[in-house]
Amino acid sequence: KNPCEACHGQGRTHATKTLSVKVPAGVDEGDQIRLAGEGEAGESGAGAGDLYVQVRLKPHDLFKRDGDDLHCEMPMSLSTVALGGEVEIPTLDGRASLKIPAGTQAGKVFRLRGKGVRNVRSHATGDLYCHATVETPVNLTKRQKELLEELEESLREGGERHSPNTQSWVNRVKSFFE
């Protein structure tokens, strides 16, 4: 028997008991799990009440949860977003392959249906939203820098057709000042 914080100083003690709790897949922050008959005994010899366990979720390193949907950032190389390719995506139940179309812009969101969290009540499954981010190369060699400079120069010769977001932004800035 140990004193509890709620009764501290009142001379009351309570027995401690370790319980195992089955946490169903899909529970969310703040959900409660009821353990029937595991609470305090009632007054005047009444039976034990129920114990409610409140769920607290630890943040995940990769996924952010939004209801039954999951979101993750998907870093991709400059060549993958420019030329297209295939990227392997981690999911809750394994891996999925995602085709990246040529010309994909940073911020593009790819939706993988049914790869989110299974709802504990309706058993419907949410979606996984992968947000494309472009990883800028670092620690370039002299030759790599030269190649990027050549690419930049050749893209400038092509004008606006190679930079859809820049041209859209320039047009919005112009209309702002007009």
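Start by selecting β3, β4, β8 and β7: in that order they form an open sheet of 4 strands with mixed pairing. Strands here are DSSP runs of E, at least two residues long, numbered from the N terminus, and two of them pair if DSSP finds at least two bridges between them. This is a predicted model, where local features need pLDDT of at least 70 and side-chain atom pairs count only at pLDDT 80 or more, while totals for chains, interfaces and linings use all residues. Residues are numbered from 1 along each chain as its sequence is written, and side-chain values use heavy atoms, leaving out hydrogens and water.

Next, zoom in on β7 and β8, which run antiparallel and are joined by 4 bridges. Here you will find L112 opposite L128 in β8.

Then show the side chains of M74, L128 and C130. They have the most contacts inside the largest nonpolar core, which has 17 residues. Such a core is a set of buried Ala, Val, Leu, Ile, Met, Phe, Trp, Tyr and Cys residues joined through side-chain atoms within 4.5 Å, with buried meaning under 20% relative accessible area (1.4 Å probe, protein chains only). β4 gives the most to this core, with 4 residues.

Finally, click on K108. Its charged end sits over the ring of F110, 5.5 Å from the centre (the cut-offs are NZ of Lys or CZ of Arg within 6 Å of the ring centre and within 35 degrees of the ring normal).

Notes. Buried means under 20% relative accessible area, exposed over 50%, partly exposed in between (1.4 Å probe, protein chains only).
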